[in-house]
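This briefing is organised by interface. Please view the sequence and the model together before reading the points below.

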There are 2 protein chains.
Amino acid sequence: MSAAPKVTNRKALILSEATHLFAANGFNGTPVRIIARQCGVTEAAIYRHYDSKEHLYEEVIRNKAAQHDIDGQLAAQGQDAGVEEMLTQVAEYILSFAKTDPELLQLMANSTRGNDPAAAVLFQEVRLPFIRFIQAELTRRIDAGQVRPVDPFITARCFVGMVMDCAMSIGVWQMLNETTIKSRDVICNNMPIFARGLEMRPVS
Amino acid sequence: MSAAPKVTNRKALILSEATHLFAANGFNGTPVRIIARQCGVTEAAIYRHYDSKEHLYEEVIRNKAAQHDIDGQLAAQGQDAGVEEMLTQVAEYILSFAKTDPELLQLMANSTRGNDPAAAVLFQEVRLPFIRFIQAELTRRIDAGQVRPVDPFITARCFVGMVMDCAMSIGVWQMLNETTIKSRDVICNNMPIFARGLEMRPVS
DNA sequence: AGCCCAAGTCAACGCTCACTTACTCACGAA
DNA sequence: TTCGTGAGTAAGTGAGCGTTGACTTGGGCT
């Protein structure tokens, strides 16, 4: 009723609701009016906290990316794992977003186009960490003679692209009534292929 | 000057200009007014030919998909090629779109989200043919004992996803001032990895 | 007590959107 | 010659958009 009912963090609420709506309907598909209604406030209240709709969107993206300490999570992995194990852990991490944070994947799917200025942030903060990690791990193993002398960057970029595409396009696939594929099946099927193709000596 | 200056196919012109604009700016980012201006006609003229903006968009998608006889193109390949050669040809075909028909890739990138009803058409008409082809080729080779007993559908889906992602995200990458990767380098680097991982006997 | 200010509200503004209406005109067939 | 029709136009329509300005309210500081 009153104008300032509680000092609860309204700004955080707006950011949260905006995240849900932007993820579900995209930037152009989400009017400020709807965000406001979802928060139980007026549009003007939103502009009290955020300069513009674009700034709010960028904040949503930045906040979403910051929620995951990807570098830290990746660095915690064992240094002495085999290639397959390493790739498996990365793929499991990416695919786990489908359950732990589907909004992140939706936002990424919406931002595949170059036009979106926030796309750069998502690529930089989410994709690149994975790629850099794999790149480094591959380089180390190539130098150690465990992995064939492939281009580590290209390999990492394509590997991450494959897993990301798999995670992002789930929605479209089940819209087509195609068989839904489980993450575990993808990993069990594809990681050995990649690892076998990369390793210096054929496994078994 | 006159109302009907020429009987040249105005409908085709509208479809063509709409394709350019939708590809460049997406559905929501392309007002009918702009399409009309680009064609040198009024909005009403467009509605004379297309019931609604959505119908026009769907027609754009359908027309774009129909421009490529993907099934035919794939079927023309040699049946006795090795796995690596087969995958290479498919990847080359997909990556060639970046030069022969970049609009197709842009439209696909815009339609990764499930909301877009046209996304289904693009998946069905563009992605699926590639996947089904690889799936069939893999199945044949698995039965012949040339390829290890992987899941042909999952493998094909992920392979196509990898190549598509590579083709679609080129725009974002060069916006980040990252090194631009050439299609040939991707193929030279990745096809042997995949093939080596798939083939029954390790290659050399 | 008095006052400031963050955080709201309401009501609009100016603009753009997809789409419509009423009308015009060239042109080919009867 | 007349007339119907397809293809176009100018000029809207109401709805919805992002954004703003003037005003209100209530908690915390002096």
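This is a predicted model: local features need pLDDT of at least 70, side-chain atom pairs count only at pLDDT 80 or more; totals for chains, interfaces and linings use all residues.

Which residue forms a salt bridge with A:K64? The partner is A:D101, and the closest N and O atoms of the pair are 3.1 Å apart.

**Domain 1 and domain 2 of chain A**

- Chain A comprises domain 1, residues 10-65, and domain 2, residues 69-198. Taken over C-alpha atoms, the centres of these two domains of chain A are separated by 29 Å.
- The contact between them involves 12 residues of domain 1 of chain A and 13 residues of domain 2 of chain A.
- About 1100 Å² is buried between the two domains of chain A, and carbon and sulfur atoms give 66% of this area. On the domain 1 side, A:A23, A:I61 and A:K64 lose the most area to domain 2, together 48% of what that side buries.
- The count of salt bridges between domain 1 and domain 2 of chain A is 2. Across this interface, 4 residue pairs are in polar contact, with both residues at pLDDT 80 or more.
- Two helices of chain A, α1 (10-25) and α4 (53-66), each supply at least two residues of the domain 1 side that touches domain 2. The largest share of that side comes from α4(A), with 6 residues.
- By class, the domain 1 side that touches domain 2 of chain A holds 7 nonpolar, 3 polar and 2 charged residues.

**Chain B against chain A**

- Chain B brings 52 residues to the contact and chain A brings 51 residues.
- The area buried between chain B and chain A is about 4800 Å², with 63% of it on carbon and sulfur atoms. Of the area that chain B buries against chain A, 16% is supplied by B:R157, B:W173 and B:R196, more than by any other three residues.
- Between chain B and chain A the count is 2 salt bridges. B:R127 forms a salt bridge with A:D165, in which the closest N and O atoms are 2.8 Å apart.
- Polar contact across the interface of chain B and chain A is found for 10 residue pairs, both residues being at pLDDT 80 or more.
- Elements that give two or more residues to the side of chain B that touches chain A are α1 (10-25), α7 (102-110), α8 (117-143), α9 (152-168), α10 (170-175) and α11 (183-198) of chain B.
- The residues on this side of chain B divide into 23 nonpolar, 16 polar and 13 charged.

**The surface near DNA strand C**

- There are 19 residues around DNA strand C, of which A:R10, A:T42, A:R48, B:P31 and B:K53 come nearest. Of the atoms of DNA strand C that come within 4 Å of the protein, 56% belong to sugar and phosphate.
- In chain A, the side chain of A:R48 has an N or O atom 2.8 Å from a base oxygen of DNA strand C.
- In chain B, a backbone N or O atom of B:V32 lies 3.0 Å from a phosphate oxygen of DNA strand C.
- The elements giving two or more residues to this surface are α3 (43-49) of chain A, and α2 (32-39) and α3 (43-49) of chain B.
- By class, the surface near DNA strand C has 8 nonpolar, 5 polar and 6 charged residues.

How values were computed: Residues are numbered from 1 along each chain as its sequence is written. Chains are lettered from A and ligands numbered from 1 in the order in which they are written. Side-chain values use heavy atoms; hydrogens and water are left out. A residue is near a molecule or strand if one of its heavy atoms lies within 4 Å of it. A polar contact is a pair of N or O atoms within 3.5 Å; within protein, one must be able to donate a hydrogen and the other to accept it, and residues adjacent in sequence count only if both atoms are side-chain atoms. Helices (H or I, at least four residues) and strands (E, at least two) are DSSP runs, numbered from the N terminus. Ala, Val, Leu, Ile, Met, Phe, Trp, Tyr, Cys and Pro count as nonpolar, Asp, Glu, Lys and Arg as charged, and the others, Gly among them, as polar. Domain bounds come from an automatic or database domain assignment. Contact means heavy atoms within 4.5 Å. Buried area is the accessible area (1.4 Å probe) that two parts lose on being put together, summed over both. A salt bridge is a side-chain nitrogen of Lys or Arg within 4 Å of a carboxyl oxygen of Asp or Glu.
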